[in-house]
Amino acid sequence: AAQKPSGGCFGFCRPPPPAVEEVDVALVGGGVMSATVGLLLQQLEPSWKIVMYERLGAMAEESSNGWNNAGTGHSALCEPNYTPTKGDSVDVSKAITVNENWQLSRQYWAYLRTAGLLKDPQSFIDNTPHCTFAYGEDQIDWLKKRHGLLSKHPLFEGMKYSEDVAEMKKWCPLMMEGRDAKDKVALTFSEEGTDVDFGALTKDLGKAFMKLGGNLLLFHTVTALRKESSGKWLLTVQKNDLGAKTCQVRSKFVFCGAGGWALLLLQKSGIPEIRGFMGFPISGEFLVCQNPDVVHKHPTKVYGKAAIGAPPMSVPHLDKRIIGGKHMLLFGPFAGFSPRYLKTGSLLDLLKSVRLHNLIPAAAAGLQNLDLTVYLVKQLLATDSAKFAELKNFVPTAQPQDWLLVTAGQRVQIMKKDPQKIGILQFGTEVVAAADGSICCLLGASPGASTAVQVALDVLAKCFSKPQMEAWSPKLKEMITSYGTKLSDDPALFKSIHAKTAAALNIK
């Protein structure tokens, strides 16, 4: 007979927690990274028991949510921070790497589409040309050099450059309308750019994960974990059930893709690899325009150069977006500060992450980035009129009543030990794993979501044995044709794959 709950003690006499559940893989967080890692593993090992634990009521409610990120299919077609000035030239190596990684995401999503696991690509990805905007002689000189180098590369073939007002009006009519004829401006244009609703994508990946046998548990918060002598991890999961309120899970492998909260969880694990790491949280705001008469005049994503001292995530950009099917324009981001590591996190998150081993690296990183501190203070003090003035640099005819201010998601930038500089502030993403590969997490920010497939492959390579990876290789190559190779080295293969993924995803 079923056990009846205790009725006395005013609710204090709770039944004992259930027996420990045994799983093969525990995924913490229901964002795009956990969804990608979980789905890949479920396809590679259909018999494995894989469970995803999400603390909120749906997948993709934090960083993966469409309102909490830029929605750019980061392929380095337009983002200035991937092509910094280097001497008298421009370094494009990072741009090439980012584009290579983006191609893997296109291939995997296209495979899922042809396999019937992603029903409608247009629900999450839309063809949106990418442009880079230069203002003034110095920026125009930089943009010319950037275009000269990238346009010769097979992954960037077809990128156009112009200073001609008539041509720029065709590409970005809203930005050129009402602009002073004396303004020195230039643009590059890449028609194969995309806008991605990563929230919608994550939900679709979650459906595919469950369709193949994976389990998603909502309103489940992993609060603690410890390694057992067997090498497995024992997780404590909090849930507001009518029983013991908690349960325990024993897992062979743990992946934490819980955004900024991944740092706090990995610190609880006690693995030595996390020593010296700390996170610096930065929040953001966007100006949003929903006026259809304005929106239709800007069919592109346009990135400009960041202000001196600004973090890469604060590169100003004016984006055509589709979020939840709604067409709109977003401009920003404007940086802010909150000690939370998640948008729905705790005000104590930053304080909770402080350890003796990360204080000195964090202090050293802070001293080396005082310009960032100054920039953040200026942003925090910026008035609505100052923010509107920044918008007018991109949209000369902007009207205040058309633009409203919304809060974006939290980003947690990595601060970590460095042998030369003691501590550094690192932009981008980093996979941190235990030496034995039994636990792994993703730290950092952009271009994470766009390169989720490459990151997932990095996770597998770091955490599973070489024989295991070799056994998986045929399936991985079936799903991702260029797996293990560089498309930059084979232009013909790139063109073939690019055409196939474009057809499958209904993009260019």
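Modeller: Start with one pair of residues. Cys256 has Cys441 as its bridge partner, and Cys441 lies in β22. This is a predicted model, so read every value as computed from predicted coordinates.

That bridge belongs to the pairing of β13 with strand β22, residues 439–444. The two strands run parallel and are joined by 3 bridges. So the part to look at is β13, residues 246–256.

Strand β1, residues 21–28, is joined to β13 by 7 bridges. That pairing is parallel. Within it, Val23 has Ser251 of β13 as its bridge partner. Strand β12, residues 233–238, is joined to β13 by 6 bridges. Here the direction is antiparallel. Leu235 stands opposite Val249 in β13.

Now burial. Of the 11 residues of β13, 8 are buried, so the strand is largely enclosed by the rest of the structure. In a regular strand, side chains alternate between the two faces of the sheet.

Next comes helix α7, residues 261–269. Of its 9 residues, 8 are buried, so α7 too is largely enclosed by the rest of the structure. The buried residues are Trp261, Ala262, Leu263, Leu264, Leu265, Leu266, Gln267 and Ser269. Gly270 follows α7. The phi of Gly270 is positive, near 80°.

Ala186 sits in strand β8, residues 185–190. Its relative accessible area is 0%; the cut-off for buried is under 20%, so Ala186 counts as buried. Setting aside neighbours within four places in sequence, Ala186 is in contact with Thr132, Phe133, Ala134, Ile140, Leu143, Tyr161, Ser162, Glu163 and Met168. Take Phe133 from that list. Phe133 and Ala186 are 53 residues apart along the chain, yet their C-alpha atoms are separated by 6.0 Å.

Then the helix packing. Two packed helices are described by the angle between their axes and the distance between the axes.

Take α1, residues 32–44, and α6, residues 198–211. Their axes come within 9 Å and cross at roughly 30°. Angles under 35 degrees count as roughly parallel, so α1 is roughly parallel to α6. The crossing of α1 and α6 is left-handed. On the α1 side, the contact is made by Val32, Ala35, Thr36, Gly38, Leu39 and Gln42. On the α6 side, Leu201, Thr202, Leu205, Ala208 and Phe209 take part. The residues of this contact divide into 7 nonpolar, 4 polar and no charged.

Now α2, residues 93–114, and α15, residues 491–505. Their axes are 9 Å apart, and the helices pack at an angle of about 50°. That angle makes α2 oblique to α15. The crossing of α2 and α15 is left-handed. From α2, the contact uses Gln103, Arg106, Gln107, Trp109, Ala110, Arg113 and Thr114. From α15, it uses Phe494, Ile497, His498, Thr501, Ala502, Ala504 and Leu505. The residues of the α2 and α15 contact divide into 7 nonpolar, 5 polar and 2 charged.

Back to the strand you asked about. β13 pairs in parallel with β1, in parallel with β22, and antiparallel with β12.

Technical notes
Residues are numbered from 1 along each chain as its sequence is written. This is a predicted model: local features need pLDDT of at least 70, side-chain atom pairs count only at pLDDT 80 or more; totals for chains, interfaces and linings use all residues. Side-chain values use heavy atoms; hydrogens and water are left out. Axes are lines fitted to C-alpha atoms, for helices over the stretch in contact, and angles run from 0 to 180 degrees between N-to-C directions. Helices (H or I, at least four residues) and strands (E, at least two) are DSSP runs, numbered from the N terminus. Angles under 35 degrees count as roughly parallel, over 145 as roughly antiparallel, 65 to 115 as roughly perpendicular and the rest as oblique. A crossing is left-handed if the near helix is turned anticlockwise from the far one by less than a right angle, and right-handed if clockwise. Contact means heavy atoms within 4.5 Å. Ala, Val, Leu, Ile, Met, Phe, Trp, Tyr, Cys and Pro count as nonpolar, Asp, Glu, Lys and Arg as charged, and the others, Gly among them, as polar. Buried means under 20% relative accessible area, exposed over 50%, partly exposed in between (1.4 Å probe, protein chains only). Two strands pair if DSSP finds at least two bridges between them.
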